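Here are some notes for a colleague who is opening this structure for the first time.

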Amino acid sequence: MTKTADSVRNQFKSQWQKWQHRGENLLGRSFDRHLKIGVTGFSGSGKSTFLTSLIHQLKYSHHPGLGGFLPARDKQLLSVDSTAIPGFALFDYAGGIAALSDTPPRWPNPTSEVSATRLHITFKKGSVWSGLLGDARQLTLDLRDYPGEWLMDMPMLKLSYRDWCLDQQQLLSRAPRADLDPTLLADLHKLDPMQTADTDFLTSLFQRWQTYLRQAKQAGLTLLQPGRALLDTDDNLPMVLPLLSLHDYSPEQLEKANETTLYQQLRQQYHQYLDNLVKPFYRQFFTGIDRQVMLIDVVKALSHGEECFNDMMMAYSRIIDCYQMGNQIWLKQLFTPTVNKILFLASKPDRLLMHQHEALRQLVDAMIKRICPQSVRHRIRIETEIAAAVRSSIDHQDYLTATLQDGRFGELRHPPIPDELPQLSHWQQLAGWTPPVLRPPVNPQLAQGGRLAHIRMDKVLRDLIGDKFS
Ligand SMILES: Nc1nc2c(ncn2[C@@H]2O[C@H](COP(=O)(O)OP(=O)(O)OP(=O)(O)O)[C@@H](O)[C@H]2O)c(=O)[nH]1
Ligand SMILES: [Mg+2]
């Protein structure tokens, strides 16, 4: 190239960069290269494993298998570095990868505290100009994780203690809850809200309630409150217990009850729980979140039968209700709602045959249509997908092979997955099906940047952040 051609090119490049920077300044916030993503879902839905895989896929995007995420396919990603976010513990990506690459491989540990990580992604723009101008850009992603048990506390924020008790009473009167520990439920029914509270008695009752909630979780139920009572991590939890005979009293009678009564004491414990634990968590976790991934273990819900499936639908529906923020003053006071997209994701589809994946996706679609009211869908972009963070099975068209958690290797088969909300005939087909917990595949190279096999994580990346690379 001649000197003149070189200087014309440089002049053009510098002029172009000036225009570009001016344009960026003018566009200001709409340029938006900083996204805050909340990964949410009930306990065991796969949040931490999903985050570990998502970070790994971005860090090592040169591996095959990300064709659906164009920035990876077109080799636009130049580097991905992670740092901590002030005020949060660092999300344990390294620990997750160490577990998955261990011998034998393990899953990341269940989560006991809020954590987060900030990814600094350097990429080149996908236009012809960027090739010519050597233009590198930054996208910053904040990713947050937390123990799933805490999610179910969110709808409690808009209930008074009395309303919560009445709701619990309804729930506990129906199977399968009513059959789980009839003695405890009878004892709760017998409690007189106006009797004087005895701390030792309350402590032992609360322990029985905790055991009951854990039993209910084992049985496949989701709508379990208070969520933190399911974890072993906090010994000093306020005693959030339902009184089941409040309908015998008017709200005024209850309001006027003496401070020493069971009703007033438990009411105080309920508000302490919300004020000291639940509100600070939601304020910290949800403030400023732009996009949300909501993981749903649909396979588990299907395999636990109709009542547990409906319970999970009700639980998610109550969470979604909280997103009708337009007129939810109580939530607005807590944090400013900014979520503009929710991606509902059926997790762990590697437990199903490939040719059933589309049925699973359609089922998630049907579930979301049922639980997401129009008012939410008008304001928040809702998408549905299925994705396995860590593909742990091999598909042989009419059966799968996989290693189970206990180390046995074998063939897996399952009943057909309904592509709509299950009807009686579907439930009959699904009866008796218990999908086993799989062991992650052997992958010692992972810690050195080896490929982490997945299902449709590229589509998730496309839906979640694909628009930020154009
Ligand atoms: N087969 C398969 N199993 C998975 C996958 N992801 C998670 N699991 C299983 O689901 C379990 C729970 O996953 P986690 O990532 O710990 O779930 P979580 O939502 O973070 O759970 P909490 O921390 O308790 O809220 C794991 O221990 C695995 O058994 C996946 O992609 N495929
Ligand atoms: Mg977790």
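This is a predicted model: local features need pLDDT of at least 70, side-chain atom pairs count only at pLDDT 80 or more; totals for chains, interfaces and linings use all residues.

1. Ligand 1 deserves attention next, and the place to look for it is the largest pocket, where ligand 1 sits. There are 20 residues around ligand 1, and those that come nearest are Lys47, Thr49, Thr111, Gly148 and Asp350.

2. Which atoms of Ser48, Thr49 and Thr111 approach the oxygen atoms of ligand 1? For Ser48 it is a polar side-chain atom, at 3.0 Å from an oxygen atom of the ligand, and for Thr49 it is an N or O atom in the side chain, at 2.6 Å. Thr111, on the other hand, contributes a polar backbone atom, which lies 2.9 Å from an oxygen atom of ligand 1. Taken alone, ligand 1 exposes 650 Å², of which the protein buries 90%.

3. The bond joining Ala175 and Pro176 is cis, with omega at about 0°, and Pro176 belongs to the loop between helix H6 (161-172) and H7. The bond from Gln225 to Pro226 is cis, with omega near 0°, and Pro226 is placed in the loop between helix H9 (199-218) and helix H10 (251-256).

4. Helix H7 (residues 177-180) contains Leu180, which counts as partly exposed because its relative accessibility is 23%. Leu180 is 32 residues from Tyr212 in sequence, yet their C-alpha atoms are 7.5 Å apart in space.

5. Lys75, in the loop between helix H3 (70-73) and strand S2 (77-83), has a phi near 55°, a positive value in a residue other than glycine; with a relative accessible area of 56%, Lys75 is exposed. Lys348 also has a positive phi, of about 60°, although it is not a glycine, and it is found in the loop between strand S7 (341-347) and helix H15 (357-371). Because its relative accessibility is 25%, Lys348 counts as partly exposed.

Conventions:
Residues are numbered from 1 along each chain as its sequence is written. Chains are lettered from A and ligands numbered from 1 in the order in which they are written. Side-chain values use heavy atoms; hydrogens and water are left out. A residue is near a molecule or strand if one of its heavy atoms lies within 4 Å of it. A polar contact is a pair of N or O atoms within 3.5 Å; within protein, one must be able to donate a hydrogen and the other to accept it, and residues adjacent in sequence count only if both atoms are side-chain atoms. Accessible areas come from the Shrake-Rupley method with a 1.4 Å probe; for residues, only the protein chains shown count as cover. On a 1 Å grid over the protein atoms alone, a cavity is a set of points where a 1.4 Å probe fits but cannot get out, and a pocket is an open set with protein on both sides within 12 Å along at least five of seven lines; lining residues have an atom within 4 Å of a point. A molecule sits in a cavity or pocket if more than half of its atoms lie within 2 Å of its grid points. Helices (H or I, at least four residues) and strands (E, at least two) are DSSP runs, numbered from the N terminus. Buried means under 20% relative accessible area, exposed over 50%, partly exposed in between (1.4 Å probe, protein chains only).
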